[in-house]
Amino acid sequence: MLAYALKRLLSAVPTLFLIVTISFFLMRVAPGGPFHLERPLEAKVMENLNRLYHLDEPLWRQYFLYLSNLLRGDLGPSFVYRDFTVADLFAAGLPVSIQLGASALALALLIGTFLGCIAALRQNSAADYLVVGIATFGITVPPFVVAPVLSLIFGVSLGWLPAGGWGDGALANKILPVLTLALPQIAIVARLIRGAMIEALRSDHVRTARAYGLPTRIVVAVHALRAAILPVVSYLGPAAAALLTGSIVVETIFGIPGIGRYFVQAALNRDYTLVMGTVVVVSLFVVLFNLVVDLLYAWLDPRVRFNA
Amino acid sequence: MTGKLIRLAAGAALAALLASAAAAAEVTYMRGNDSDPETLDQHKTSTVSEANILRDLYEGLVVQDPAAEVVPGVATDWQVSDDGRLWTFSLREDARWSNGDAVKAEDFVYSLRRILTPETGAKYATILYPIKNAEAVHAGDMAPEELGVAAPDSQTLQITLENRTSYFLELLTHQTALPVHPASVEAHGTDFVRPENMVTNGAYTLAEFTPNDKIVLSKSDTFHDADNVAIDRVVYIPFEDRSACLRRFEAGEVHSCSDIPTEQMAYVKDKLGDAVRIAPYLGIYYYAVKADKPKLADIRIRQALSMAIDREFVAEEIWAGAMLPAYAFVPPGIGNYPQGASADYKDMDPLDREDRAKELLEAAGHGPDNPLVVEIRYNTSENHQNTATAIADMWKAIGVTTTFVNVDGASHYAYLRDKGDFDIARAGWIGDYSDPQNFLFLVKSDNSGFNYANYANPEYDALLDEAAETSDLDARAEILRQAEEIFMRDLPYIPLLFYSSLNLVSDRLQGWQDNLQNVHGSRWLSLAP
Amino acid sequence: MSLAEEPVTLKEPVSGRSLWQDALARLARNRAAMASLLILAVMALASILGPALWPHPYDRVYSEYVRVPASLEAYPHEDRIVPEMQRSLARARVDIGAVTVAGDTVRAEISDEEPIDPRMIRYVERSDLFSRVRLAETSADGRSAVLEAEVARLFFIAGTDGNGRDLFARILMAIRISLAIGLLATAVALVIGVTWGATAGYLGGRVDNVMMRIVDILYSLPFIFFVILLVVFFGRNLVLMFIAVGAVEWLDMARIVRGQTLSLKRREFVEAAEALGVSDAGIVRRHIIPNVTGPVAVYMTLLVPKVILLESFLSFLGLGVQEPLTSLGVLISEGAKNMQGASWLLIYPSIALALLLFALNFLGDGLRDALDPKDR
């Protein structure tokens, strides 16, 4: 299994290389540059800046410069946050995003599984409809509506929780952002679990287990859930990568210093190095999580074997 | 379960509160800022949000008091030679850097040379071109040592200018003229801005900088006026989302916001009353017209377009009173300019203006059979969009068809700068210093970077040149007024609105005075319990 | 050979037809799904015909009614009529006497030092509050007159936006655009995804490896970045946005179809066709694609809401459709900014979006249940 994992990681190298190349050139075709601001810069200033950041060199040379720096683990300086390197920005922001994302994921799994099980066990009952209704609602309301509404209710009107800010990671500051992030995930997990659970409850081995007279609780917990969790696991791969690398909406609205907003901010600011850094980090996460999902899958479902 | 969660949260908050209470009765000012600074290196900065922070960290030769009047800073007094070119500043003896070093005239010499050295990559160095040889040094044609700054002794600084510059003191209040601590810059290079390295000479020092989260300043003990600085800690919080600041203000988590969501202005005024501070500001919101394009070259067309705009409607309804209608290009109340020019249709009724606009268009060859079609380009923003929509509707009334192009900021400004083939483009300008020259120079024919309109009028250029050479301020103001009159006749830019500064200021925050330049140094403020 | 092929091709449509008939019958029994279908039909119809039939055009600016709340009562409110008439007359620079309102008619006495120019009524006509303005009872010297006008009763059942446009008309338009974006993007995803997935799954081996590796690469590309760049390159072109979104969303489709194809490939009827020498393209077209229709149909009904949500996210970033067009995403993100001052701007578009997405989701669920008899 270790050999398999290593092989998978190695085979990701060309993938990453391709992604870096595509993104690098795509970014450079976009009109405008990092120094096109509302206040136009004098030609002289622009020239000096371009020279400082090697933007006056031919594109292919810039590309090789970037690649060779990347191989040495150097993501370069940020063009727009000029006091920081891209690595600095990620060092500060990534832990924050991971904390939030992991909490949201855990919450979504917990509540989503619970709701999904209830719905599946009482299929077509009022409880089932309620869960399906809630789940649909969860994916219907965009987070940019949920976030300010939560902040207004719990932060401004009731005053129970901070209306925004990170507060150096205080628990109270995390509750609303985590909730906002988790809501759509809860909905999706609940739906997935419900569907898979209904199927699993009808499967032969669960029927057999029931026929042996095992209590429903144990049958559900041990046998059905184990089968039902499979689609969730495969969904979670990409979802986890997206959650852990932050959410633009939640971070801007609650003022969280994560890395989610760099996706958009950097692209709009033409902060070339930061964009590339983001692409690299996100791609790494996706590759990693796809691998984790595959390993988990194998662990949960003995029918899957590695063809190393 | 929820109840428990809340108790838990309340417990955590209480613990945090007790911990902070233990650290004596430290006064912390939570200050909302527009965005994070790109850099805290004063020589590389260009934005207003950077200026706010740097003003607290450093003290220049002169500073702005709560009313934005120029008052002595590191310099206690100064003399100007008769030809207006040699300025001699006497520096205060008790000025100290935060590491205890004395602030010397040599530090200013070092700083001014540094910003004009090409390798520094200063975005705003051009603002200091009035200093002798600055342009040549910045172009790399002269050594930095040839810049017109000198320190005859540690307490005296001499600055020689290229020409008489009536607004030179105003210029020195800009963040680009703030000093750096030479020894730290030499020792740490670009890293001198890090909290552990930064040495400042202002009321505060940098304690912490977490991008997208907060910048913490703490009071400097070495500052000469430290006894009168009431706030111990200033926490700058960047707000990309103006509504987020509003919510945190309402929740009592921040003491001031540097912007207000105009969409919610009616609600905000109603709910927060006196905390809402709307004051005239040194800025203009305008539509640049490609003046050398055959379609728009006829002055009558540009006048008709300008005339048909009901600016009162845009200011009151679209911007909810957060802007003022502009019938001139230079904002009212600016220094050295008692009375500016303004369009003669300012007081005309909108419907009469429409009639006249139609006549002008007809005279220029446009009628129902041959309607004028224009395209408005603007950068993505709901307010810009609503403004463009409203103006298109007004132009429809005079038979002009309008289309829109909406692109992101970087593309928009790159397009303007690269002389893209636009008809009409949204732009804005915030003055760097309080002088009409800082507005009127935008469309000088040799100002390639700012003159989006490609406007070239020798008469206009000559007036601006003449004003630069005029020492009598009244005569100079009159010449500039004539220039503005030409501007309003030719309309290379159609002025739409004067900006207002919008702030939310808690009633606990005292000493805050609304002013034209929207500068509010934390050292002048205090926080009531 | 051609003889032998017949029963093979015949077999599939026969079983397919009955499968679909069964499925449709099951779908018809699903009340939630049928209700959703009805709602969808009503919304689609309203969005297609509505903008033409509704009294307010979606881009008409009522400058006297900027940001007025939703109300089932007609505007203007009574207390605004007299001041508005006085304001209009003041602009015409005449002296204003008594202004009275009787029912729907306003009468204003006016006078001037010079004879009154009848063209002055346009100052009143221009106001959104009045219609059928006329000068009645002009005195002999022409210096005083009575101006009469009808009060124009306008209904804004969902209020107006920050430019003074009727929100309901804009919602109708927005539903049209959002649905169009959803459907078109889904169609693009469908075409690319099905072709790609079926080809990869059917051909297998090295081709499959390469094709799926490409999918993996695209998966790892942060799609937001991708869409932003596309919007930046090509401007806010509506068609382009469909294509951009579709071009991102086909990946899941390709995976699903490939998985299905792989399992189908081992089924008897495909092996039989293969043994009979039917070309690869023929097998994909005749056997694989029809048999993956079920899962694909389900995925499609769920992709449409996903695309609509994605579009709303782009609108939040300010990259939505271009004025004066609008979409539900644009309306909601504007509404979210106006939440505290003008809640109707958020509430009504949100209701429209929620209805649309609920209906699509329930329809998708119903379809899946119907196509998969195991679930019954």
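These notebook entries record what I looked up in a predicted model with chains A, B and C.

**Entry 1. Conventions**

I note that residues are numbered from 1 along each chain as its sequence is written, and that chains are lettered from A and ligands numbered from 1 in the order in which they are written. The model is predicted, and local features need pLDDT of at least 70, side-chain atom pairs count only at pLDDT 80 or more, and totals for chains, interfaces and linings use all residues.

**Entry 2. Chain A as a whole**

I looked up the make-up of chain A and found 12 helices and zero strands. Helices (H or I, at least four residues) and strands (E, at least two) are DSSP runs, numbered from the N terminus. The C-alpha atoms of chain A fill a box of roughly 85 × 60 × 30 Å along the principal axes. Of the 308 residues in chain A, 50% are buried. A residue counts as buried if 20 or more other C-beta atoms lie within 10 Å of its own, as exposed if 12 or fewer do, and as partly exposed in between, with C-beta atoms placed from the backbone. I then turned to contacts, where two residues are in contact if their C-beta atoms, placed from the backbone, lie within 7 Å. Among contacts in chain A between residues at least 6 apart in sequence, 73% join residues at least 24 apart.

**Entry 3. Chain A against chain B**

I looked up this contact and found 48 residues from chain A and 49 residues from chain B. On the side of chain A, the elements that each supply at least two residues are α2 (43-52), α4 (86-121), α6, α7, α10 (248-254) and α11. The largest share, six residues, comes from α2(A). By class, I recorded 28 nonpolar, 12 polar and eight charged residues on the side of chain A that touches chain B. Here Ala, Val, Leu, Ile, Met, Phe, Trp, Tyr, Cys and Pro count as nonpolar, Asp, Glu, Lys and Arg as charged, and the others, Gly among them, as polar.

**Entry 4. Chain A against chain C**

For this contact I noted 29 residues from chain A and 30 residues from chain C. The helices of chain A that each supply at least two residues are α1 (2-29), α5 (126-140), α6 (143-157), α7 (171-202), α11 (260-269) and α12 (272-300). α12(A) gives the most to this side of chain A, with seven residues. The side of chain A that touches chain C divides into 22 nonpolar, five polar and two charged residues.

**Entry 5. Domains of chains B and C**

I looked up the domains, whose bounds come from an automatic or database domain assignment. Chain B is divided into domain 1 (28-231 + 506-527) and domain 2 (280-501). Their C-alpha centres lie 33 Å apart. The contact between them takes 14 residues from domain 1 of chain B and 17 residues from domain 2 of chain B. On the side of domain 1, I recorded five nonpolar, seven polar and two charged residues. Chain C is assigned domain 1 (37-54 + 161-375) and domain 2 (78-151). In chain C, 55 Å separate the C-alpha centres of the two domains.

**Entry 6. A helix pair in chain B**

I examined α15 (residues 458-469) and α16 (residues 473-490) of chain B, which pack at an angle of about 160° with their axes 9 Å apart. Axes are lines fitted to C-alpha atoms, for helices over the stretch in contact, and angles run from 0 to 180 degrees between N-to-C directions. α15(B) and α16(B) are therefore roughly antiparallel to each other, a term for angles over 145 degrees. Among the residues of α15(B) that meet α16(B) are Tyr460(B), Leu463(B) and Leu464(B). Those of α16(B) include Ile479(B), Leu480(B) and Ile486(B). This contact divides into eight nonpolar, one polar and three charged residues.

**Entry 7. Single residues**

I found Ala75(B) in strand β4 (residues 75-80) of chain B. Ala75(B) is buried, with 25 other C-beta atoms within 10 Å. Leaving aside neighbours within four places in sequence, the contacts of Ala75(B) include Leu61(B), Phe89(B) and Leu91(B).

Asn133(B) is in the loop between α3 (105-116) and α4 (134-138) of chain B, and is buried, with 20 other C-beta atoms within 10 Å. Lys419(B) lies in the loop between α13 (409-417) and β16 (424-430) of chain B, and is partly exposed, with 13 other C-beta atoms within 10 Å.

Finally, I noted that a cis peptide bond joins Tyr75(C) and Pro76(C), with omega about 0°. Pro76(C) lies in the loop between α2 (31-53) and α3 (78-91) of chain C.

Notes. Parallel < 35°, antiparallel > 145°, perpendicular 65-115°, else oblique.
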